[in-house]
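Me: Could you walk me through the aromatic rings in this one? I have not looked at it before.
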Amino acid sequence: MKPRLILILLSFLMSTALAQEKDLVEYVNTLQGTNSKHELTRGNTYPTTALPFGMHTWTPQTGRNGDGWKYQYFKKTIRGFQQAHQCSSWTNDYCVFSLMPGTIKLTVNENDREVGFDHNNEIAKPHYYKVKLDNNVITEISPSERGAHLRFTFPKGQRSFLVLDGYTGMSGVSINLKERKVTGYVHNGRGLTDNLKSYFEIVFDKPFIAYGTWDNTNNSILSNELNAEGKGKGAYLEFNKGEIVQVKTASSYISQEQAALNLKIELGNHKTLEQSKSAAAKIWNAHLGKMLVEGGTEADKATFYSCYFRASLFSRQFFEYNKEGKPYYFSPYDGKVHQGFMFTDTGFWDTFRAQFPLNTIMQPTMHGRYMQALLAAYEQCGWLPSWSFPGEGGSMIGNHAISLFADAWVKGIRTFDPQEALKAYLHEATNKGPWGPANGRHGWKEYYQLGYVPYPEYREATAKTLEYAYDDFCGYNLAKMTNNGFYEDVFGKQMYNYKNVYDSSSRFMRGRQKDGSWVPNFDPIEWGGPFTEGNAWHYQWSVFQDPKGLIELMQGEQNFTAKLDSVFSVPNKVKVGTYGGLIHEMTEMVVANMGQYAHGNQPIQHMIYLYNYAGQPWKSQYRAREVMYKLYDATENGYPGDEDQGQTSSWYVLSALGFYSVCPGTDQYVIGSPMFNKITISLENNKKFIIEAPNNSRENYYISTATLNGKLYTKNFITHSDIVNGGVLKFEMSNKPNLQRGTGIEDRPFSLTK
């Protein structure tokens, strides 16, 4: 071999090795989706510094205390570094406190203490956040599951202050000079039990030369005070000029003693921030490395791993470990301490669709614990969760806890009593709770008697009918799998109720009045009314459990696929309807410029996969790749709308693998088009599932042929057992569709109607 060829080969091998050795965490940009505002969200995220599913997160704060817009990319100043838990700007946050460094003079007022910064001086990774403020103070943060290690580097010769802000509710602080620490608690947020507190312990490696407490309701300062308690109480500390201060902190919902134990367990052996940073990077690299992608551009990898990071934050742990290493938790439902596991910070209306199905593949042990936690929540407050933040909020629509139960059971995650789950769901489906539309069931009597929820007696009635019917399918399927004829019969009668809100004359799902007549003055582009954050074009497809039945309602596959095509070809116009004005979801659909396809919100996110049910799988392949390329990237503008507790990220992650969970509660994933040449999934059971598409490219997005474990595979779906048993799914990709592959009746995914 010629010397030049040898050098080229060696260079190639070295570059390949370096790429493989690259820390996957470095691909992640936690600023993805942060350029959001009320009128138009690009993710509605903040630069979260946390471990996977960690109990607490940390973030810089650009918004005022209590403002749901915690961090907005276009803002120019930072006013604090927070312990945070927010999963949406629309729900604000809870159990927050912040630390803010300052120089020259003590400034406590949040509006006066804010300092400018430049994104060029900012590093935002899962395991490490760093920013140099315009006053030359450098702040660094690395996370643990229940705390963080921070370091504040003050400029030489400058006074060095640190302000602890107690945020918007009740708080208490106590300064311990001898041990160089501050302890206390915060109680802030919406709908909390009275005794829910986040107890914190903050330990410093440098002595205080001055100290005191302050009150953020009037910005009054009490020098040399060691203790304070009340609304908005905080503390301040002064260190030697130009000091470098390391800060270790951890919090507990259980007790002050447990906060100290959490700090000892998670950060006690870390003397420097570099140790905490390295430990966090190791955890994230192992977690992200469970999905190793090869091929594609560096930008594609950044998008994938940034989305996988965001999908790996929810649901959050709400449990802690005692001195014996056993899990226990303070219940946000009954205000008592219980043994076992609890999770929080998710809204099932969003996350039942993809975020939880992704966890069934990647985190089955955690998912099994989650099922136990759902029943524990039911025991503690009398209702299954639908939107936990940290207790039950009842937001949005549907009773989707049953989707999680059925999906877990059908996929072999059987850590719970299915009869207790069915009992809890029947209670949910035949009562209305006190906390919101999804706490119990709005219009449950009419739904049972009429077969639909009438409008205008109930807001969002048609959307509720469709989602209740899907949930009833999940109840039916769980009952069928566990040989419970009673529940199978009850829910089996209702899972076809979607048919009762389909109007054959307009060929749309519509609002229906109590007397059976259709709500007049129908316009399919009008938002709201009988629909939730959408219109008739979006809810036409909310029949996850029975696409074949929907095809029959629409009088055949030709009409069905033509209507799917029309979603993308009709004008992207909006009528605001009962909303009375543009909401951000409308604006995001218009900006996406894909007709009436509104990927920025959940109801239509599965729709592109429905071509697989009607003999045109190549169109799902085209649309899946189009959405991934057009609507996602790893930048501050990286999402087409609210990210929503991991759901929109999970859509991308699953779709990039080449399949999607159209109907959770079944064991099938519907095939689209994989994003990468090779994806290796390392499973909890130590098996590997590999998706190969060696000739994949931006142009070659159609599946020409496929094999599963070496055998020709024509189906438009794979099963959960196909994945968890390990194996190789190989696609031959092409720039032209194969109009014969996957068109047979036997190739189509699950549908109730055969």
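Reply: A term to begin with: buried means under 20% relative accessible area, exposed over 50%, and partly exposed in between, with a 1.4 Å probe and protein chains only. This is a predicted model, where local features need pLDDT of at least 70, side-chain atom pairs count only at pLDDT 80 or more, and totals for chains, interfaces and linings use all residues. Residues are numbered from 1 along each chain as its sequence is written, and side-chain values use heavy atoms, with hydrogens and water left out.

Me: ok, how many aromatic pairs does the structure hold?
Reply: There are 45 aromatic pairs, where rings of Phe, Tyr and Trp (its six-membered ring) pair if their centres lie within 6.5 Å, and planes under 30 degrees apart count as stacked, over 60 as edge-to-face and the rest as tilted. One of them joins F356 and Y370 edge-to-face, at 5.1 Å centre to centre and with 65° between the planes.

Me: and where do F356 and Y370 sit in the chain?
Reply: F356 is in helix α7 (residues 355-362) and Y370 in helix α8 (residues 364-381), 14 residues apart; helices here are DSSP runs (H or I, at least four residues), numbered from the N terminus.

Me: why does F356 count as buried?
Reply: Because its relative accessibility is 2%, and Y370 counts as buried because its value is 5%.

Me: which rings are in a cluster with those two?
Reply: Ring pairs link F356 and Y370 into a cluster with F319, Y321, F341, F343 and F348.

Me: switching topic, what lies over the face of Y629?
Reply: That is R698, at 3.9 Å from the ring centre, the rule being that NZ of Lys or CZ of Arg is within 6 Å of the ring centre and within 35 degrees of the ring normal.

Methods
Helix = DSSP H or I, 4+ residues; strand = E, 2+ residues; numbered from the N terminus.
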